[in-house]
Amino acid sequence: MARVLIVVVNYRTPDLVEDGLAALAPEVEGRDDRRVVVVDNGSGDGSAERLAEAIARDGFGAWATLVASPTNGGFAAGNNLAIAPALAGDDPPDFVLLLNPDTRVLPGAIDELVAFAERTPSAGIAGSQLCHATGEVQASTFRFPSLLAEVNAALRLGPVDRLLAKSRYLAPITTEPSRTDWVAGASMLVRREVFERVGLLDDGYFLYFEETDFCRRAADAGFECWYVPRSRVVHLVGQSTGVTNQASATRRRPPYWFASRRRYFRRFHSAAYAFAVDVGFALAFALWRVRRKLQGKPDEDPERFLGDFVRFALLGGGTDRSRRSAA
């Protein structure tokens with residue numbers, strides 16, 4: 001049977017992780033082919049001690065272990081702390097499943113991902129269908145970022161959106177497995193050979209865009225990425241970061257989000273292209289803000305977003321400071 005390493009990275013969300021482990025238990029207990037590693041990313045709030053106690057208390061020790069990092073290097077770095085030694089071991093996993101701490105694996109979700117990957121050798125990466133606790137489907141399958149996608153997302157104008165439909169970030173949500181550019185890292189299964197070919201997650205990203213980057217590198221190496229809707233995982237959107245959950249939708253976007261976006265565009269495109277993307281987005285977003293005000297539409301954008309975009313994306317300011325403060 002395929003060996004699966006499941007990695008959950010925690011940063012000051014022990015309640016979420018405990019609930020997630022309870023949901024994982026029926027999917028891994030009594031199996032020699034699945035194990036879970038929880039990485040505490042330097043929380044400094046007692047999370048590591050609490051999670052170690054919960055693993056022992058709830059009987060999860062047979063299949064779950066805790067790795068306590070002294071620092072918070074971000075999502076990619078946290079995952080790599082579990083993935084790197086596992087791949088270097090005598091019995092490396094066939095697959096690695098990345099799970100957000102704010103996810104709840106539904107029955108059979110892991111089985112569906114692994115079964116699909118085993119019967120689809122070309123699939124290097126497979127992602128679950130994420131859903132809200134109510135069962136409502138979330139966006140889980142995406143196209144790679146581009147100039148047209150950025151302008152379209154910022155402008156929010158119906159005729160333009162229809163014209164650029166094939167460049168939208170959100171790919172169609174299907175009821176059967178479908179190929180896609182990238183899937184959400186909240187529940188992403190990766191074949192071991194992908195890591196062997198392209199390396200680990202890039203810990204130059206503190207948070208955001210790291211799974212987009214990884215899927216892009218995998219695609220460039222010839223691996224396919226698939227969306228597997230029969231694998232269903234509840235995702236409590238943004239609960240682990242506080243950035244994208246609906247309760248704080250207008251909260252100011254952190255500087256590391258802009259830094260990650262900038263890193264992605266500069267890695268896979270030229271500096272000139274990245275600059276064109278930033279200018280195109282800023283102009284389109286400014287036009288949207290004017291139209292929103294004239295039409296009396298509600299203001300649902302992050303606080304001070306345009307000014308922050310110019311400062312952190314166009315001018316590249318505050319990157320090092322933002323990583324230190326977030327850690």
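A residue is taken as buried when its relative accessible area is under 20%. In the predicted model, strand S10, which comprises residues 187-191, is mostly covered by this criterion, five of its five residues being buried. The side chains of the strand are divided between two directions: Ser187, Leu189 and Arg191 point one way from S10, whereas Met188 and Val190 point the other way, and all are buried.

Strand S10 is paired with strand S4 (residues 95-99) in the antiparallel sense, the pairing extending over five bridges, and within this arrangement Leu98 stands opposite Met188 of S10. Strand S6 (residues 123-131) also runs antiparallel to S10, to which it is joined by three bridges; here Gly127 has Met188 in S10 as its bridge partner.

A helix pair was examined next. Two packed helices are described by the angle between their axes and the distance between the axes. The axes of helix H9 (residues 255-268) and helix H11 (residues 305-314) come within 9 Å and cross at roughly 50°, which means that H9 is oblique to H11. The crossing of these two helices, H9 and H11, is right-handed. On the side of H9, the contact is made by Pro255, Trp257, Phe258, Arg261 and Arg262, and on the side of H11 by Phe305, Asp308, Phe309, Phe312 and Ala313. Classified by residue type, the contact of H9 with H11 contains seven nonpolar and three charged residues, with no polar residues.

Terms used:
Residues are numbered from 1 along each chain as its sequence is written. This is a predicted model: local features need pLDDT of at least 70, side-chain atom pairs count only at pLDDT 80 or more; totals for chains, interfaces and linings use all residues. Side-chain values use heavy atoms; hydrogens and water are left out. Axes are lines fitted to C-alpha atoms, for helices over the stretch in contact, and angles run from 0 to 180 degrees between N-to-C directions. Helices (H or I, at least four residues) and strands (E, at least two) are DSSP runs, numbered from the N terminus. Angles under 35 degrees count as roughly parallel, over 145 as roughly antiparallel, 65 to 115 as roughly perpendicular and the rest as oblique. A crossing is left-handed if the near helix is turned anticlockwise from the far one by less than a right angle, and right-handed if clockwise. Contact means heavy atoms within 4.5 Å. Ala, Val, Leu, Ile, Met, Phe, Trp, Tyr, Cys and Pro count as nonpolar, Asp, Glu, Lys and Arg as charged, and the others, Gly among them, as polar. Buried means under 20% relative accessible area, exposed over 50%, partly exposed in between (1.4 Å probe, protein chains only). Two strands pair if DSSP finds at least two bridges between them.
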